[in-house]
Amino acid sequence: MSNNMLNSFLNNNIADLKDRGLYNEIDTVQGANGPVIKVKGKEHINLSSNNYLGLATDERLKKLAKEAIDSHGVGAGAVRTINGTLDLHINLEETIAKFKGTEAAISYQSGFNCNMAAISAVMDKNDAILSDALNHASIIDGCRLSKAKIIPFEHSDMNNLRQKAKEAVDSGRYNKIMIITDGVFSMDGDIAKLPEIVEIAEELDLITYVDDAHGSGVTGKGAGTVKQFGLQDQVDFQMGTLSKAIGVVGGYIAGKQNLIDWLKARSRPFLFSTAVSPADAIASTRAIELLMESTELNEKLWENGNHLKDGLKKLGFNIGNSETPITPCIIGDEKNAQEFSKRLFKAGVYAKAIVFPTVPRGTGRVRNMPTAAHTKEMLDEAIAIYEKVGKEMGFI
Ligand code: PMP
């Protein structure tokens, strides 16, 4: 028997989202997520993945993953604290710590899980968290879960942060205070002002947490945003994901040994949920090693990013303030952004519209994620399609 209250809630709200252009149709990718993807039976230049370095389909990683299935099976078998901590998970964590320049690391099943886990394991109702206004949803949810007082500060506005941090300290109301920020903001591609954030934190004795999901493999010659600024000893939590540049799945915190010990003892997704599979663990480990061994893929990513950005900028598109390969094409109106993306798709470019609530209202955009796996020809073809469709819709 279906419930009337539930049905009217769902149907009314879905209709409302569709009406406002806020309902994302989810496409199925037929095959691997590479620089060219097949969707609805047709090949498209893919400018929508977070597979920054093309490692999701790397032959070396695929081979290792297959071998790990033979040696370790397809699943970890239990949560980590019961008997699901495999040697492959330990290798992964040791490799992450080396990569991030920290004493230790802990891995989780996803980046989202990691933020939920780590923030709420350390912060509680007697604490406060200063959170950048454009922080990722998983940070916001992790903060909410902790029950700490959430104090948002204007995006990357250091005066605003300093003022709010001082007020929080002076109020004497909080046991611990944390500043939390994305390292690279995924919707705009700008980089957090970490040196200033760390300066404020040191001055006022605050905890620092950087979610570098989009920085790892990208900024700092691949090592990430914290290392780019040489702040690995000052940032308490270096959070990252294994699902983007690393090409696999999973999340992690790198930091001091006592922090990692605490997270292993108290963070609930670590304690109550099974870890990533053997194939995931070994593929992630090797991908990180590859990043430490060579900057070749990283250089290619930046070269491609700059090529696409230059091309779209020259055409007259508003690509915002990106400081990384992430290339938004900001349209404004949500419905226009959705329509633009649909027409690009028809013409052969797969670049999704990103609208509220992922970005603030009125800043709808089509976001492009060039990767190291794209060729110049693919990017030139994409730029030509942007020109044609952009003119057709009167955006340029
Ligand atoms: N943090 C940020 C900044 C992200 O962009 C994402 C992914 N969209 C996550 C965390 C979550 O990572 P994952 O996909 O590994 O869960």
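This is a predicted model: local features need pLDDT of at least 70, side-chain atom pairs count only at pLDDT 80 or more; totals for chains, interfaces and linings use all residues.
Let's start with H1, which covers residues 4-19. How many of the 16 residues of H1 are buried? The number is 0, so H1 lies largely in the open. After the helix comes Gly21, and its phi is positive, near 70°.

Now turn to H5, residues 111-122. Its 12 residues should span 16 Å at 1.5 Å a residue; the end C-alpha atoms sit 17 Å apart, which agrees. Burial is another story here: 12 of the 12 residues of H5 are buried, so the helix is largely enclosed by the rest of the structure. Among those buried residues are Phe112, Asn113, Asn115, Met116 and Ile119. A residue takes the label "buried" because 20 or more other C-beta atoms lie within 10 Å of its own.

| Helix pair | Axis distance | Angle |
|---|---|---|
| H5 and H6 | 8 Å apart | about 30° |
| H13 and H15 | within 10 Å | roughly 20° |
| H7 and H8 | within 11 Å | roughly 20° |

Take H5 and H6 (residues 137-146) to begin with: they pack at an angle of about 30°, their axes 8 Å apart. That makes H5 roughly parallel to H6. The crossing of H5 past H6 is right-handed. On the H5 side, the contact is made by Gly111, Phe112, Asn115, Met116, Ile119 and Ser120. On the H6 side, you'll find Ser138, Ile139, Asp141, Gly142, Cys143, Leu145 and Ser146. Sorted by class, this contact of H5 with H6 has 6 nonpolar, 6 polar and 1 charged residues.

Gly142 is worth a click of its own. This glycine sits in helix H6. Is Gly142 buried or exposed? It counts as buried, because it has 29 C-beta neighbours inside 10 Å. Once you leave aside the neighbours within four places in sequence, Gly142 is in contact with Asn115, Met116, Ile119 and Ser120. Phe112 is 30 residues away from Gly142 along the chain, and their C-alpha atoms are separated by 8.6 Å.

Next up are H13 (residues 296-314) and H15 (residues 376-392), whose axes come within 10 Å and cross at roughly 20°. The two helices are therefore roughly parallel to each other, since angles under 35 degrees count that way. Their crossing is right-handed. Which residues meet in this pair? From H13 come Asn304, His307, Leu308, Gly311 and Leu312, and from H15 come Lys376, Leu379, Ile383 and Tyr386. By class, the contact of H13 with H15 divides into 5 nonpolar, 3 polar and 1 charged.

The remaining pair in the table is H7 (residues 158-171) with H8 (residues 194-204), their axes coming within 11 Å and crossing at roughly 20°. That makes H7 roughly parallel to H8. H7 goes past H8 in a right-handed crossing. In H7, the residues involved are Met158, Leu161, Arg162, Ala165, Lys166 and Val169; they meet Glu196, Ile200 and Leu204 in H8. The contact of H7 with H8 has 6 nonpolar, no polar and 3 charged residues.

**A few residues to look up**

Back on H15, have a look at Glu392, which is found in that helix. Glu392 counts as exposed because it has 12 C-beta neighbours inside 10 Å. Arg343 is 49 residues from Glu392 in sequence, and the C-alpha atoms of the two are 9.5 Å apart in space.

Two lysines have positive phi values. For Lys147, phi is near 70°, a positive value in a residue other than glycine. Where is Lys147? Its place is in the loop between H6 and strand S5 (149-153). With 13 other C-beta atoms within 10 Å, Lys147 is partly exposed.

The other lysine is Lys221, with a positive phi near 55°, again in a residue other than glycine. Lys221 lies in the loop between strand S7 (207-211) and helix H9 (225-228). It is partly exposed, with 14 other C-beta atoms within 10 Å.

Terms used. Residues are numbered from 1 along each chain as its sequence is written. Helices (H or I, at least four residues) and strands (E, at least two) are DSSP runs, numbered from the N terminus. The expected span of a helix is 1.5 Å times one less than its number of residues. Axes are lines fitted to C-alpha atoms, for helices over the stretch in contact, and angles run from 0 to 180 degrees between N-to-C directions. Angles under 35 degrees count as roughly parallel, over 145 as roughly antiparallel, 65 to 115 as roughly perpendicular and the rest as oblique. A crossing is left-handed if the near helix is turned anticlockwise from the far one by less than a right angle, and right-handed if clockwise. Two residues are in contact if their C-beta atoms, placed from the backbone, lie within 7 Å. Ala, Val, Leu, Ile, Met, Phe, Trp, Tyr, Cys and Pro count as nonpolar, Asp, Glu, Lys and Arg as charged, and the others, Gly among them, as polar.
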